[in-house]
Each structure stands twice: as structure tokens, then as C-alpha cells.
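This report is meant to be read alongside the sequence and the three-dimensional view.

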Amino acid sequence: SEMCIRDRLTECMNLCDKYEKIFSRTADDSELYQLNHRELTPVKGTEDTYQVSASLAELVSKGLDYSVLSEGAFDIAIEPLTSLWNFTAENPKVPKDSLIQAALPKCNYHNISVDTDKNEITLKTDDTAIELGAIAKGYIADRLKDYLVSQNVKSAIINLGGNVLCIGEKTDNSAFKIGIQKPFADRSETIAVMDIRDKSVVSSGIYERCFEQDGTLYHHLLNPKTGYPYDNGLISVTIISDQSVNGDALSTTCFALGLKDGLKFAEKKGVQAVFITEDYELHYTDGFQDEINVTDVES
């Protein structure tokens, strides 16, 4: 069985590589990069429609759904802004304001359409480009779960950093213990611990990728309306859902909407959520504690 486990883990790594080659915004051999840079050949009879893989069409379609639902608070056309704010650079800097203002009108999900029957994506203007960073990890986690379940795996935990997806429960029939990370602390420090069975837990926070410039902290959760990071009193949002891709999209969307509207949105979408505000207070969706056993960690 050890061989079997190793094979499955190898296959999981292969799946991660496969999807990285589709969804990466920065790798120039990825399908998304080639779409964004118009390196694919347009569909016959069109100038702006491209045939893509089923996975890319599906994920872009999902991203569009959330862009529409959140009225653009979550916007998959934010790539022109994301690439200006290079959070993965050696020493990131705040982009020139004039460049940010020039990028803003390009970020508009209305300029993207998808036909999931034909796996075709239309980019309606020359400078429309897609960013899937906020949902790709969740989609990949769900595909890993599908694969493991197809191999009759009854108990597993998939952790893609910020995205944790549980298959079943622990082998002794107890729940998985999933910690909510203490913001800005060491990865191993938790602020609360939840009992989770067969669910996805996704967190979006301002501590994941950020830098300081002139005494101000800039984080990677950008507001598509201003071009700058959200400054709404939130530090992180954690979503507990069945599917990781939904948790991923919702964590970003609910963060964008702020505490009051974000909690309402999560409740409307039928998921449980916990929001952490700048004062390190935890705010739960209605009925959270009835559904999920949660233990606060004494600091």
C-alpha cells in the first residue's frame, strides 16, 4: 500500500503541474498567459475569440459568475492591475499612480465572455486580460480531491497553503483539526481551531503577500475600483464550504465587500465564514458555532 500511496502522491503532483501550465498568469508557456498575450490563434471568422481547454473555460466561467454576483468587487479582469503591483518581486514597490489610473479602465469583467459548450473565450478589447490567482488553487484542490476519491481514498487532507480541503475525517473517526492562522504571526500560530469533516477551508488575508513602503502596509488584495489594496478594517476572511473553488472565490469576494456586507454575502451563499478585523476580533456568520465546533486559542 505504501507504493500505492506514493503513486497517488506523484499523480497529485502531476495534476498540480498540469494545472499550473494552464492557469499561471506569469509562466510564459501557460495557456492563460498565451491567451492574455493573444498568442493563441483566434477562432475562424473572429478576431477576439479563442479556443481553450475545458479546464480554462470552466474556471473563467466560474470566475465570471463571482464577478457578476459581487458586482465587480471580485473581478477576474484585474490582470492589468495585478501585473503592475508585482508582489512576488524581490523588493516590491507601489506603482506610479498614473500607471494605476491608466490600468483601471482596462479592468472590467464585462469585456470577457465564455462559451463552456464550445470552450471558447472572447476578450472584447485589446487590453482585457484575465487573472485567476484568487480561484485557481481552490479549483486545483477540488480536482485533487476528485482524483483521490476516485482511488477510494476515504481520509486525506489537501493543503495548498491557504486552501485546506478535507476528504472524510481522520482514520480514528475524529474530525480534522484545522487552525485559523493568527494574522502576521508565524505560519504555525493559530487564533482558533475548528473541527472539520469533508469540507474545504480557505483563508484570504492581507498578511499573505505584502510589503511596507513609507510606513504604509500594502497587501495583494486589490480593489478593482481604486487600483489600491483594500483598506476596510479587515485582516482576513476564512470560508468553510463543500468545494474549495467556491471557498476561494468567496473568501476574496467577502473580503472585498467588508465585514457587514461580506458576512451577509456569505450567509446568502450558504457557507460558514469567520472574519478577523484589525482589532483581532473574530466575527462569525450566523449559526457558525452550531455547525462547526470551534475552540479559541488563548493567547
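Predicted model: local features only at pLDDT ≥ 70, side-chain atom pairs only at ≥ 80, totals over all residues.

From Ser174 to Lys96 the sequence separation is 78 residues, while the distance in space, taken from C-alpha to C-alpha, is 52 Å.

Asn173 belongs to the loop between strand 5 (163-167) and strand 6 (176-181). Asn173 has a relative accessibility of 54%, so it counts as exposed.

Another positive phi is found at Tyr280, a residue other than glycine, where the angle is near 65°. Tyr280 is placed in the loop between strand 12 (272-277) and strand 13 (282-284), and because its relative accessibility is 32%, it counts as partly exposed.

Tyr280 is also one of the residues touched by Lys182, together with Glu189, Thr190 and Ile191, when residues up to four places away in sequence are not counted. Lys182 lies in the loop between strand 6 and strand 7 (190-196), and with a relative accessibility of 24% it counts as partly exposed. Between Lys182 and Phe211 there are 29 residues in sequence and 18 Å in space, from C-alpha to C-alpha.

Leaving out neighbours within four places in sequence, the residues in contact with Lys145 are Ile158, Leu165, Cys166, Ile167 and Asp198.

Pro105, by contrast, counts as exposed, with a relative accessibility of 59%, and its place is in the loop that runs between helix 5 (97-103) and strand 2 (112-115). Although Pro105 and Lys225 are 120 residues apart in sequence, their C-alpha atoms are 9.1 Å apart in space. Asp29 is in the loop between helix 1 and helix 2 (31-36), where a relative accessibility of 44% makes it partly exposed. Asp29 touches Lys21 and Gln34, again not counting residues up to four places away in sequence, and it is 214 residues from Gln243 in sequence and 28 Å from that residue in space, C-alpha to C-alpha.

## Helix 3 against helix 7

The axes of helix 3 (residues 54-69) and helix 7 come within 10 Å of each other and cross at roughly 5°. This crossing means that helix 3 is roughly parallel to helix 7, because angles under 35 degrees count as roughly parallel.

On the side of helix 3, the contact is made by Leu59, Lys62, Tyr66 and Leu69, and on the side of helix 7 by Val245, Asn246, Ala249, Leu250, Thr253 and Phe265. Sorted by class, the residues of this contact are seven nonpolar, two polar and one charged.

## The largest pocket

How much space lies in the largest pocket? The computed volume is about 1100 Å³. The lining of this pocket consists of 40 residues, and those that lie nearest its centre are Glu131, Leu132, Gly133, Ala134 and Arg209. By class, the lining has 19 nonpolar, twelve polar and nine charged residues.

Several elements take part in this lining, and at least two residues come from each of helix 1 (2-23), helix 6 (136-150), strand 8 (200-205) and helix 7 (244-268). Helix 1 gives the most, with four residues.

Key: Residues numbered from 1 in each chain as written. Heavy atoms only, no water. 1 Å grid on protein atoms, 1.4 Å probe; cavity = no way out; pocket = protein on both sides within 12 Å on 5 of 7 lines; lining within 4 Å. Points joined across faces, edges and corners; volume = space filled by probe spheres on them. Nonpolar A, V, L, I, M, F, W, Y, C, P; charged D, E, K, R; others polar. Axes fitted to C-alpha atoms, helices over the stretch in contact; angles between N-to-C directions. Parallel < 35°, antiparallel > 145°, perpendicular 65-115°, else oblique. Contact = heavy atoms within 4.5 Å. Buried < 20%, exposed > 50% of the residue type's maximum accessible area, 1.4 Å probe, protein only.
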